[in-house]
Protein chains: 2
Amino acid sequence: MAKIKHIGQQSVRFEEAPYIIGWGSIAGKKEGDGPLGSYIDQIETDSMMGKDNWEAAEGEFQKKVVKIALHRCGLNIGQIQYIVCGDLQSQLTGCVHGMMEFQRPMFGVYGACSTMGESMSLGAMMVNGGFANYVVAVTSSHTEVAERQFRYPVAYGSQKPLSATWTVTGSGAVILGQQPRGKGPWLKITGVTTGKMMDFGVQDSMNMGACMAPAAANVILAHFDDFDTSIDTYDKIVTGDLGTVGRDILFELTKTKKLDIQGKYMDCGIEIYNNEEQDVHAGGSGCGCSAVVLTSLLFRKLLSGEWKKILFIPTGALLSKISFNEGNTIPGIAHGVVIEREE
Amino acid sequence: MAKIKHIGQQSVRFEEAPYIIGWGSIAGKKEGDGPLGSYIDQIETDSMMGKDNWEAAEGEFQKKVVKIALHRCGLNIGQIQYIVCGDLQSQLTGCVHGMMEFQRPMFGVYGACSTMGESMSLGAMMVNGGFANYVVAVTSSHTEVAERQFRYPVAYGSQKPLSATWTVTGSGAVILGQQPRGKGPWLKITGVTTGKMMDFGVQDSMNMGACMAPAAANVILAHFDDFDTSIDTYDKIVTGDLGTVGRDILFELTKTKKLDIQGKYMDCGIEIYNNEEQDVHAGGSGCGCSAVVLTSLLFRKLLSGEWKKILFIPTGALLSKISFNEGNTIPGIAHGVVIEREE
């Protein structure tokens, strides 16, 4: 029988860690104008990407970013055994538009804005277990698509409270493989901590940070418990898109369990824009947000040697417009991935 | 490094096959009145399941069926390392309602009505790779939820053409484990063939069978190619919910590749209702359809010894209401799972 690699309550440790051999980031103009603009592989000034509608445009972001990731590691799409993909559109329509051309076996996944963590977790298991030589994990979001789907069409010009976030238009992809490629340093996934749905009763679709913070806290606390390790061995704890409001709640929740993460903390949603100048309220969000920040800023910090090990925790709010209108709460979920630099 | 278990273009062979140690089926009154009524573990006469709305009711079906599956193998939910779940609701709201109580690490997956094949494929990899001792794979659908989401609210009384199918109200769950439990015969998953999205340009949301048939054909043809085996070694080739219209297209498509599956063929969507008497037009559909038929009729045939080996291929039509209204086609996807009886 296979050796059990599951540890603790919610985690897997990869002793023969899958390598992140290729990656790519792509985003829209607003993200390009932000502080990470120069780190993102490709900035697209047309949010329609030459398509007839935003839903198809989101697919174009995914398609292009997968090509960037393939190019970076010198693979062609025919060498990829599985695509694990997701987006925020109902029925994963962004993936349907974006991945069709590739004609590869595909697993669609949904964890709201936590989806990059989910796709990388499953992809890492598939590579580590020998089910694939190469897996692509890709997610995206698109601000106009998300507004139309979850709130109001942007043409309505609805105002938002300051607790709301701005959905990132962009996509990030990683290619996982059993062996490193080229010369080092290399990046690898040494563990995952998979989230549970957490529901603290929040019903405010304009305050997703509050919906997601309990899920992030669950993953962070479970992670250090399962791996029986200290926060000192990590350079950064990076959440997906809690924004400024969710961040403060996360600090409170972890402090009640005697874990102080504040000194190591970063949130992709807070990093991607100049929040005040760019008028994005509590920060960026969407499953493109953590995917783009991971494949631009976070990988750069790891590859430069500034960081050696991070816990990357995309966070998702399981908002359904129908369920929300029926008066239900918005639970959160988060998925943690340990990424390490190898010399 | 892990031994590569991936074979051919789209498949994995499990030499140490994960066992299906627990399972459960639950469905609504219409399914109970159908030919499989006496095989389904539990029939619920109230499609609201005592809840305020259909979306939450669908979650109740999932929750109850997981409890049935746990009871069957004598496990408790705390022993389950991962739940891999999906449904047809946008943002997997059925799973959100149904799985919250269990508080287990969860991967949400979406492959439209093919989702039971996807959840079992990923669950089998997780168990075989040593990432879990026990995984639950569960999917559901609900006819009123699906009508409201994809077509028109049922209260409108819209008529449907004869190519349309009836979404099954019900849920099926399997529990996968590394070792068999109790005395035999046992059921195990010896391989999977993962589908690609296939788009033959169909734009008719009332003819999902035609959207899905090319995806089913792709998986079936790839399966026999990848495993280099003959259809003679299988007792049945069982698709998810092609219905009578999709079935005939599948026969045509496989025949052009010199594979005659007609003598071994079964479709869950054709089995679950008495199509003419129950006025369901082309048959049943929904990711609850294949899940319920698998965990009632198909497992019974395997356990009785009437069958020894089947290829189970849930089929999905990636219909998005937004994308459909934008004039796009409806691609299909299918996921194949080989289930064998062990004495």
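Author: What follows looks at one pair of helices, then at another helix, and finally at the two chains. The model is a predicted one.

The pair consists of helix H6 of chain A, residues 208–226, and helix H7 of chain A, residues 243–255. Their axes lie 8 Å apart and meet at an angle of about 40 degrees. Because angles under 35 degrees count as roughly parallel, H6(A) is oblique to H7(A). The crossing in which H6(A) passes H7(A) is right-handed. On the side of H6(A), the contact residues include Gly209(A), Ala210(A), Ala213(A), Ala216(A) and Ala217(A), together with Met212(A), Pro214(A), Ile220(A) and Leu221(A). H7(A) contributes Gly243(A), Val245(A), Gly246(A), Ile249(A), Leu250(A), Leu253(A) and Thr254(A).

Another helix of the chain is H2(A), which runs through residues 54–73 and so has 20 residues. From first C-alpha to last, H2(A) reaches 29 Å, close to the 28 Å expected at 1.5 Å a residue. H2(A) is mostly covered, with 14 of its 20 residues buried. Just after H2(A) comes Gly74(A), whose phi is positive, at about 70 degrees.

As to the chains, chain B is superposed on chain A by a rotation of 180 degrees with 0.0 Å of shift along the axis, at an RMSD of 0.0 Å. This is the relation of a two-fold axis. Both copies use the same surface, since 100% of the contact residues of chain B recur in chain A.

Notes:
Residues numbered from 1 in each chain as written. Chains lettered and ligands numbered in written order. Predicted model: local features only at pLDDT ≥ 70, side-chain atom pairs only at ≥ 80, totals over all residues. Helix = DSSP H or I, 4+ residues; strand = E, 2+ residues; numbered from the N terminus. Expected span 1.5 Å × (residues − 1). Buried ≥ 20, exposed ≤ 12 C-beta atoms within 10 Å, placed from the backbone. Least-squares fit on C-alpha atoms with pLDDT ≥ 70 in both. Contact = placed C-beta atoms within 7 Å. Axes fitted to C-alpha atoms, helices over the stretch in contact; angles between N-to-C directions. Parallel < 35°, antiparallel > 145°, perpendicular 65-115°, else oblique. Left-handed = near helix turned anticlockwise from the far one by under 90°.
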